Amino acid sequence: MTPFADRTGRRLIAGLPTIWLVALFLIPFLIVLKLSFSEMRLAIPPYAPFIEWRHGWPVPALHLSNYAFLFTDPLYVRSYLYSLRVAAVSTAICLAVGYPMAYAIARASPAWRTALLMLVMLPFWTSFLLRVYAWIGLLQNDGLVNHVLLALGLVHRPVRLLQTDFAVYIGIVYAYLPFMILPLYANLEKHDPELLEAAADLGARPFRRFLRITLPLSLPGIAAGALLVFIPAVGEYIVPSLLGRTDQLMIGRVLSDEFFENRDWPVASAVAILMLLLLVVPILLLQRLERRALEAPK
Amino acid sequence: MNAAGRFPRTMLAIGLAFLYVPIASLIVYSFNNSRLVTVWDAAHSPTLKWYWALLSDDQIVRAAWLSIRIALLAATAASVLGTLGGVALARLGPFRGRALLAGLVPAPIVMPEVITGLALLLLFVALEEAIGWPRGVGVVTIALAHITFCMAYVAVVVQSRFAGFDESLEEAAMDLGARPATVFMRITLPLIAPAVAAGWLLSFTLSWDDLVITQFVAGPGSSTLPMVIFSKVRLGVSPDVNALATLLVLAVAIGIGATAVLLRYRERRRVRDVQLAAADS
Amino acid sequence: MRVERVTKRFGEFVAVDEVTLEIERGEIFCLLGGSGSGKTTLLRMLAGFERPTSGAVYIDGQDMSSVPPYARPVNMMFQSYALFPHMSVERNVAFGLEQERLARAEIRDRVAEMLELVKMTPYAARKPHQLSGGQRQRVALARALVKRPKLLLLDEPLAALDRKLREYTQFELLAIQERLGITFVVVTHDQQEAMTISSRMGVMSQGKIVQIGTPAEIYERPATRLVADFIGNVNLFEGRVVESVARGNIRIACQEIGEIEVSSREEGPEQASRALPLEVRPGATVWVAIRPEKIELSPAREAPGGATPATNCVPGRVREVGYRGEVSVLLVQIPSGRLVRVTCPNVGGGVGPRVARDAAVSLLWHPTSPVVLTR
């Protein structure tokens, strides 16, 4: 390893981003952690001070009441489970839709491939918010989807599509589809076509070739895409707010309500920490996958 | 010739349709005279009245201007910080604190936005308690928040550009007498410039479009465009938002089209250059 | 340049092991070895990209241990050429001079002069991707030479070129070196290349230098079996010393090729003792190395030169014939079962090799041909 920069250079290059992230990401996160153990107060800010003084010694104030509250009130437990379910189903649908698309793009001729990738990515460069908004108009009772269903005679009255689980699934799949397709495509594109030719030469039929060769080789891509969709989907706020149910909230919305409506910052923090705990395993998995991809031999 | 079977190709067609029908519907109904976005008023449409409404809506115009300004600032600052971070992780080898930086950089990307937003607001509140700054949330806090999560994306993009990077180029520069700072400015930076540019664009888009984090760290006086749109559309469809969406799609399509043309031109020139070299060697 | 007991360790792995060598001004020194021999690591330590774990590097008497690569009077030509892709040929060559803060006019002149030397003047405005492999190499050379370094390091300079271009470039490199008088240190795995261009070479294996000498010395007088086998082709036979006769003759009994007599090639007594290993004692186990081109073939049962048929002669049957145009390479099976490699020039006007398969032949060699090795 050549000495890339001299000592001050190295300190600067590594130090600046580290300091920024520590100050504006790590420390805030620690504050959330600490606040989750605090009690709520009707004050500004609406929480008890971090440090209590007992017999003249500073002691960090740790109350587990917030967490107890989360586990006892069924609203929260239900929200967590609901969020996990919605995220899981959305991820599965996204995978089912995205995999064939990525496969088709990877198999296309090079000229087509760039054009197709651009077509897939173009919506991503417009606004997330506006793309989800589009579905409001489509899924309304007098929206395009109902129009089509009525015109085709599949239903006789408009179907309630908005504010359902179905709408949330569609919203998440629609918004996160590029995140599923890209890692899948990156993986599939690297597959050596000679492997499939060898399999064909040895007598395997198309579907079997896919099952035994392509699918196993694409597992890292599947894992990456699935995690890239699942993890943010659990904490999704915009999609359920615009398209989702009003009787059952996802956990992102619960956190926001707890914070802005109830002004209960400690409980909101506890909600956040629990959410993170739920996601710790998938996050670590994704980090491991990405590290392996970045350091893999070419 | 597409070597994929019929099923994948069909799914690709369906998928692309799925991706573009909503966008198309947004565009079409922005020209619809009726406020009921879903009923085509054939008698009076197409019309540009919603575009005029959009452009004369003070709240929206001000919010758009604020969003663009914040995005420009955030993208530029995030590009600098993110490039430094990406370079540090990819080229500095092991150093004290590397594990910390390596763990922090991808974190804003995977962390759910509600948590990041909450955390940042709590930081600003605690800071105000402790040292009196920042005085209330507003543009400054929004910018700081945006820079934070954007730099993570830039760092990842820059870091991955270094995979497959020819280290011998930097060594050759050093061998020829260039000190490390010169090597970085004249060799490394020009070579990763496309990745930095991509990171800048990505940051701009992410900052401009951000809603969740911004809602946490914005104050009453500073509404960004996504915030304004969100409060409008919570109540239902709104055709001037359709108009906005159409303008945006147009801008993005032009941008992508221009990039594609540029890349195609570059590629053709490169092929010609290689042929030129082979011809007279 | 002097390298004193330089060692480089990467964790447990020892890449360069206590290497000491001296390189004279103006010579072309080759480090020859296979992959993993440590030659590239040693070169990088000369350039300053690796720091020795122990030992020191001296250039003109100056200790280079704490001197970074950009401050050394050494320049390197990289195996991949490492031309800056975003700069033209001219800017590439000028880069090193710009770092020296020379006047623009002087830079322009020296760049032009160097481009002329490597015959790349018409391509000055081109970018690296617009050049062929051979052209890129010349630019890389010009870029390194324009700084007039004391030492030029070349990392596998000819590896990426095809055969014809390689030969042509070899001679070009020699001409340039002679003209400029710069000391070259070349790292290569190609023995032909090493033998063609070097004034002296060092054979490296597993981090150690096994032998240093001129190409002729190394080829004709390999110090070990490893060197003998590494350079060119060789037939090695194990044997036991019978007696050491005066005038530098040794009689050796080999199981496979019978009793042979090896004579020293040199005239004078000191040269004679240098030619044959000093520790040769009756009863000692030695190896006899005979190069394929030094073995003569004759139809069976003939013995020219007056040597008795039993000594320095072995019967055999031709098993394989490889026709190579200039020479034919034969594998001849001797009674012990071994296949001996013999090279015969294809003299005469006939089409094809001189000897046919399955022919019965006698293998003969002059007593000065073999080299006796003790390790």
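## Interface of chains C and B

Chain C and chain B bury about 2,400 Å² between them, with carbon and sulfur atoms giving 58% of that area; buried area is the accessible area (1.4 Å probe) that two parts lose on being put together, summed over both. The model is predicted: local features need pLDDT of at least 70 and side-chain atom pairs count only at pLDDT 80 or more, while totals for chains, interfaces and linings use all residues. Residues are numbered from 1 along each chain as its sequence is written, chains are lettered from A and ligands numbered from 1 in the order in which they are written, and side-chain values use heavy atoms, with hydrogens and water left out.

In this interface, 29 residues of chain C are in contact with 25 residues of chain B (contact: heavy atoms within 4.5 Å). Two salt bridges are counted between the chains (a side-chain nitrogen of Lys or Arg within 4 Å of a carboxyl oxygen of Asp or Glu). One of them pairs R186(B) with E98(C), whose closest N and O atoms are 2.8 Å apart. On the side of chain C that touches chain B, 14 residues are nonpolar, nine polar and six charged. Here Ala, Val, Leu, Ile, Met, Phe, Trp, Tyr, Cys and Pro count as nonpolar, Asp, Glu, Lys and Arg as charged, and the others, Gly among them, as polar.

## Interface of chains B and A

Between chain B and chain A the buried area is about 8,200 Å², and carbon and sulfur atoms give 82% of it. There are zero salt bridges between these two chains. The side of chain B that touches chain A divides into 70 nonpolar, 17 polar and seven charged residues. Contact joins 94 residues of chain B to 89 residues of chain A.

## Aromatic pairs

Over all chains, 22 aromatic pairs are counted (ring centres of Phe, Tyr and Trp, its six-membered ring, within 6.5 Å; planes under 30 degrees apart are stacked, over 60 edge-to-face, the rest tilted). F37(A) and Y67(A) form a tilted pair, 5.4 Å centre to centre with 45° between the planes. Y67(A) is buried at 12% relative accessible area (buried: under 20%; exposed: over 50%; partly exposed: in between; 1.4 Å probe, protein chains only).

The ring centres of Y99(A) and F210(A) are 5.9 Å apart and the planes stand at 80°, so this pair is edge-to-face. Y99(A) is buried at 9%, whereas F210(A) is partly exposed at 22%. Ring pairs also link F124(A), W125(A), F128(A), Y176(A) and F179(A) into a cluster.
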